[in-house]
Each structure stands twice: as C-alpha cells, then as structure tokens.
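This report describes pockets, the packing of a helix and the surroundings of a loop residue. The sequence and structure come first, and the description follows.

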Amino acid sequence: MIDFRPFYQQIATTNLSAWLETLPAQLKQWEKTTHGDYAKWAKIADFMPNSTACINLKDKVESIPTEPLSAGEQQRIVHHLKQLMPWRKGPYHLHGIHIDTEWRSDFKWDRVLPHLAPLKDRTILDVGCGSGYHMWRMVGEGAKMVVGIDPTELFLCQFEVVRKLLGNDRRANLIPLGIEEMQPLAAFDTVFSMGVLYHRKSPLDHLSQLKAQLVKGGELVLETLVIDGDVNDVLVPADRYAKMKNVYFIPSVPALINWLEKVGFKNVRCVEQAITTLEEQRKTDWLENESLVDFLDPNDHSKTIEGLPAPKRAVILANS
Ligand SMILES: C[S@@+](CC[C@H](N)C(=O)[O-])C[C@H]1O[C@@H](n2cnc3c(N)ncnc32)[C@H](O)[C@@H]1O
C-alpha cells in the first residue's frame with residue numbers, strides 16, 4: 001500500500017503544515033473505500049528495480065539506469081507496467097522503456113510553459129494531475145515542491161511506479177482526493193487546473209476552490225475546453241461530448257474570463273488557444289480503449305461524433 005507518511009513529514013515544517021489537521025484522517029477514510037483493484041495496482045511499484053539512475057526532467061521525463069538493464073529485466077518491467085493500462089498522460093522514457101501514452105502531454109506543456117511566472121522555488125498544486133506527467137516537468141523547472149491531487153486510484157499507482165523508476169524522487173507527491181475535499185490552504189504560489197473544469201458540475205465553485213489554495217497574488221493556470229463565442233456562450237452538452245458522459249460546461253473564452261472575474265481573480269488573460277490534433281491524442285499500444293479519431297465525426301473532423309464543436313482548448317492565467 002502507498003505510504004503517505006513521508007509526505008506528512010515533508011510538509012510538517014512548511015507553509016502546508018496546516019493540511020496535517022485534516023489530511024491524515026481523510027486518507028485513512030479513503031483507504032477503506034478504494035477501488036477493488038487498488039491493492040493489486042499499488043503492489044506493482046514494488047516490482048520496479050531500485051537501481052540508481054540519471055534523471056532528466058527538463059525536456060522530457062526520463063531515467064537512465066547507471067547499470068543498463070538486461071533485455072529480460074526490461075521485459076519483466078514492461079509486463080508489470082502494462083497491468084496499469086490505460087496509460088493516458090505522458091510520454092515517459094524510463095530505464096530504456098518508452099511508455100507511449102494516449103496523450104502527448106508534452107505538447108500541452110510546451111503551449112503552457114512559456115507564459116508562466118517562473119516555477120523555480122515555487123510551491124505548486126496540480127489539480128487533476130493524472131499520472132503526474134506535468135508535475136515532473138514542474139520539478140524539472142526547479143519547483144520547490146509539487147503536490148498533485150487526483151481521485152483516480154489507477155493514476156496514483158502509475159505515479160508511484162514512475163516515481164520509483166525516477167529514483168524515488170519526493171519533490172512531487174500525489175494525494176488521491178478531489179479538490180472539493182481539500183481544506184483551503186492559501187499556501188500555493190501556483191495552482192494548475194488543466195483538463196478538469198469541464199468535468200465539474202459546478203464550474204464557479206471549482207474556480208473558487210482553486211482560488212482558496214493560492215497565496216495572495218499567486219498564479220492560477222487554467223486549461224480547459226472552450227467554444228467560439230461571446231460572453232454569453234456556454235455549451236452544456238445534452239448528452240455526451242466526444243463520447244464522454246461527464247462533460248458539463250464548455251464556455252467561450254470571454255465567458256470563462258467573466259466567471260474568473262466574478263469569483264475574484266485579477267489580471268485574467270487568455271494566452272493560448274489550440275484545436276486538439278490527432279497527433280496529440282491517439283491510440284497507442286499502452287491503451288486498449290478508443291481515442292480522439294473515434295470521438296470525431298468521420299466525415300468532418302471539425303465536429304465531434306455527436307455533431308458538437310470538436311475539442312478546442314484554451315490556457316487562461318489569472319492572479320488571486
Ligand atoms: C482530462 S484529465 C487531465 C489530466 C492532466 N491535468 C492534463 O491536463 O493532462 C482530468 C483529471 O482530473 C481528475 N479529476 C476528476 N475529478 C477531479 C476532482 N474533483 N478533483 C481533482 N481531480 C479530478 C481525473 O481523475 C483526471 O485525472
């Protein structure tokens with residue numbers, strides 16, 4: 001089972017220490033209600049080698065073991081990693097194994113990073129961090145501490161496996177809770193929410209919850225699906241969006257800026273917009289499920305299979 005005690009010790013002497021009032025009890029409760037496969041997934045990190053490795057987090061997420069692994073040992077690791085499919089966010093290059101994930105999350109990072117206040121020495125929260133790909137890239141930018149929060153237990157186990165192959169690096173940690181369960185800490189210099197807003201039933205509450213985690217003047221990095229339109233345009237899919245059941249609100253950029261200002265963010269600006277391409281989200285050997293090409297109208301890629309506008313994403317920055 002995954003041990004959160006090193007994280008508690010790590011934050012005890014930082015400005016996240018107030019979290020210790022609620023977090024240990026919440027995670028104790030969480031342990032009682034985990035997914036049926038959690039114990040099996042959590043054990044997979046134990047099968048990863050303890051060998052020392054050279055780590056590169058600056059332009060990719062990569063570990064190169066000081067002693068090269070044999071072909072047999074590599075095959076054994078791949079076998080275990082495949083038990084944690086689907087691998088959605090990445091890619092990872094670990095001990096000579098390329099985990100070619102469904103998403104080229106590095107494309108998103110390349111769109112976002114140039115616009116940010118420098119991450120060096122910052123304490124960062126990544127809400128909805130998935131398997132943690134972007135967290136490692138934040139560490140690569142010199143962040144002091146990175147905390148990810150994501151309720152999906154498979155992603156927690158993928159994160160722990162990657163951490164092990166990165167030499168048990170503790171500069172990033174993943175806490176398996178939803179943002180709405182998190183005590184307001186007002187302690188993070190930068191808060192990321194990427195690919196989460198449209199999954200929330202109450203988007204303004206989500207924005208307020210993000211603000212409650214930021215220090216005064218801290219930076220919010222919000223990345224989400226948008227539609228074209230003016231301040232009054234918001235898409236609320238009647239049923240599915242790109243085959244997803246859990247998509248609730250897709251605003252236009254002006255509507256999103258209005259929401260952020262309504263909950264008290266300042267200096268709100270859109271710095272980037274991009275249509276999701278078939279190079280960024282595609283089927284690989286690391287997932288059995290369908291991918292973007294199956295979610296689009298086969299005769300018109302500007303529409304989803306439901307006839308709605310195809311995925312377009314914006315990056316919005318704001319200060320608390
Ligand atoms: C589309 S993925 C985005 C992953 C990553 N941030 C990225 O941009 O590639 C959405 C993530 O949000 C997580 N999530 C869903 N509900 C959440 C909540 N209430 N609080 C935090 N994360 C949540 C999901 O488990 C999933 O990993």
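## The largest pocket

The residues that line the largest pocket comprise 19 nonpolar, 13 polar and 11 charged, where Ala, Val, Leu, Ile, Met, Phe, Trp, Tyr, Cys and Pro count as nonpolar, Asp, Glu, Lys and Arg as charged, and the others, Gly among them, as polar. The model is a predicted one, in which local features need pLDDT of at least 70 and side-chain atom pairs count only at pLDDT 80 or more, while totals for chains, interfaces and linings use all residues. Residues are numbered from 1 along each chain as its sequence is written, and side-chain values use heavy atoms, with hydrogens and water left out.

The volume of the largest pocket is about 1100 Å³, a volume being the space filled by probe spheres set on grid points that are joined across faces, edges and corners. On a 1 Å grid over the protein atoms alone, a pocket is an open set of points where a 1.4 Å probe fits, with protein on both sides within 12 Å along at least five of seven lines, and lining residues have an atom within 4 Å of a point. Of the 43 lining residues, Lys89, Phe155, Gly195, Tyr198 and His199 lie nearest the centre of the largest pocket. Helix 5 (105-112), strand 7 (123-127), helix 6 (133-140) and helix 10 (292-295) each supply at least two residues of this lining; helices (H or I, at least four residues) and strands (E, at least two) are DSSP runs, numbered from the N terminus.

## The second largest pocket

The second largest pocket holds about 200 Å³ of space, and its lining has four nonpolar, one polar and six charged residues. Helix 7 (residues 153-165) gives the largest share of that lining, three residues.

## One face of helix 2

In helix 2 (residues 23-31), Leu23, Leu27 and Trp30 are buried, that is, under 20% relative accessible area (1.4 Å probe, protein chains only), with exposed meaning over 50%. These buried residues line one face of helix 2, because they fall within an arc of 55° seen down its axis, the arc being that of the directions from the helix axis to the C-beta atoms.

The buried residues of helix 2 pack against helix 1 (5-11), helix 3 (38-44), helix 7 and strand 9 (172-175), whereas the face turned away from the buried side carries the exposed residues Ala25 and Lys28.

## Arg122 in its loop

Arg122 is found in the loop between helix 5 and strand 7, and it counts as buried because its relative accessibility is 19%. Leaving aside residues up to four places away in sequence, Arg122 touches Ala117, Ala143, Lys144, Met145, Asp189, Thr190 and Glu219, with contact meaning heavy atoms within 4.5 Å.
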